[in-house]
Amino acid sequence: MRPVTIELEGFGAFRDRTVVDLGDAELFAIVGATGHGKSTLIDAICFALYGKVPRHGAGEIAPVITLGANEAKVSFTFDLGESRYVATRVLRREKKGAKTRAVRLETAVENE
């Protein structure tokens, strides 16, 4: 699997819509100061693909929603073989925790 883009909004440290484009990178490293969202990018990939964030424990998904926000959205675009896929999940805050509101896995244009 080769990551292409990660799009986040309301997810962890990423309150506003943020797009991380890795499409042109041959090799990349996620670096930065403490609290700048490095682990959140990995969490976002896990959430988009599996609906879980391992570092928050089993069933604990509400902490990934940005404080003060009611919803979090993650779209992860990746290449697998000759195909490109987009995994998208939307998480909505509820009175007791949070619930996934939308899940979608789409085949995008073929990998060039």
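A surface patch here is made of residues with over 30% relative accessible area and no salt bridge, with like charges joined within 9 Å and nonpolar side chains (Val, Leu, Ile, Met, Phe, Trp, Tyr) joined within 5 Å. A salt bridge is a side-chain nitrogen of Lys or Arg within 4 Å of a carboxyl oxygen of Asp or Glu, and accessible areas come from the Shrake-Rupley method with a 1.4 Å probe, where for residues only the protein chains shown count as cover. You're looking at a predicted model, where local features need pLDDT of at least 70, side-chain atom pairs count only at pLDDT 80 or more, and totals for chains, interfaces and linings use all residues. Residues are numbered from 1 along each chain as its sequence is written, and side-chain values use heavy atoms, leaving out hydrogens and water.

First, select Phe28, Ile30 and Ile42: together they make a nonpolar surface patch of about 250 Å². Ile42 sits in helix α1, residues 38–50 (helices are DSSP runs of H or I with at least four residues, strands runs of E with at least two, numbered from the N terminus).

Next, pick strands β3 (71–80) and β4 (83–93), which run antiparallel and are joined by 10 bridges; strands pair if DSSP finds at least two bridges between them. Val74 stands opposite Arg89 in β4. In the hairpin, find Gly81, with a positive phi near 65°.

Ala87 has Leu105 in β5 as its bridge partner, and Gly97 in the turn has a positive phi of about 90°.

Finish at Phe47, which touches residues including Phe11, Val74 and Leu91 (contact means heavy atoms within 4.5 Å).

Key
Lists of a residue's contacts leave out its neighbours within four places in sequence.
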